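Let's take a friendly walk through a protein model. Have the sequence and the 3D view ready as you read.

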Amino acid sequence: MTTEVEGQTSVPANAAGTRLWVERTGARRYVGHNSRGATVEIGDISYDEAFTPGELLKVALAGCSGLSADNAVARRLGDDVAVTIDVEGLADDDEDRYPQLTERFTVDLSGLDPDQRERLLTVMHRAIDQHCTVGRTLKAGAEIELTVVGER
């Protein structure tokens with residue numbers, strides 16, 4: 001999807017007009033790109049140096065949760081706080097989808113008293129619930145439109 005800007009060429013309907021695309025590089029191999037210059041290898045599970053699409057979905061969810069809670073965590077625990085977010089979920093092969101994804105947010109809260117700890121956990125959950133676009137999209141479901149462009 002693109003948006004039309006008067007007097008200009010189409011601008012991708014993504015944040016800051018960022019273009020996102022994948023290009024085929026071989027059998028069951030693609031490279032994902034954004035117009036800021038980042039790339040990611042995408043392939044099936046047989047390619048050790050590539051993410052599968054399902055792994056990217058899970059990493060996107062964990063990364064979104066981390067980014068959503070980051071200000072609250074860093075404000076209370078310091079800018080150098082160590083955070084790891086593991087994410088997992090097995091595919092239902094019959095339905096070809098992930099029926100459940102589980103995140104585990106690991107951060108050392110031992111320096112907080114019980115009230116501070118509970119407050120931070122509340123703020124983290126609220127921030128993730130309100131601002132993690134990936135998680136919110138997965139929970140709500142999203143309509144997907146596919147158009148194939150090519151010669152006939």
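## A69 and its neighbours

Leaving out residues up to four places away in sequence, A69 touches F105, M124, A127 and I128; contact here means heavy atoms within 4.5 Å. The model is predicted, so local features need pLDDT of at least 70 and side-chain atom pairs pLDDT 80 or more, while totals for chains, interfaces and linings use all residues. Residues are numbered from 1 along each chain as its sequence is written, and side-chain values use heavy atoms, with hydrogens and water left out.

## The nonpolar core

A69 is also among the residues with the most contacts inside the largest nonpolar core, along with V73, L109, L120, M124 and C132. This core has 13 residues. A nonpolar core is a set of buried Ala, Val, Leu, Ile, Met, Phe, Trp, Tyr and Cys residues joined through side-chain atoms within 4.5 Å; buried means under 20% relative accessible area, exposed over 50%, and partly exposed in between (1.4 Å probe, protein chains only).

Helices α1 and α2 (114-131) each supply at least two residues of this core. Its largest share, five residues, comes from α1. Helices are DSSP runs (H or I, at least four residues), numbered from the N terminus.

## A look at S68

Not counting residues up to four places away in sequence, S68 touches A127, I128, H131 and C132.
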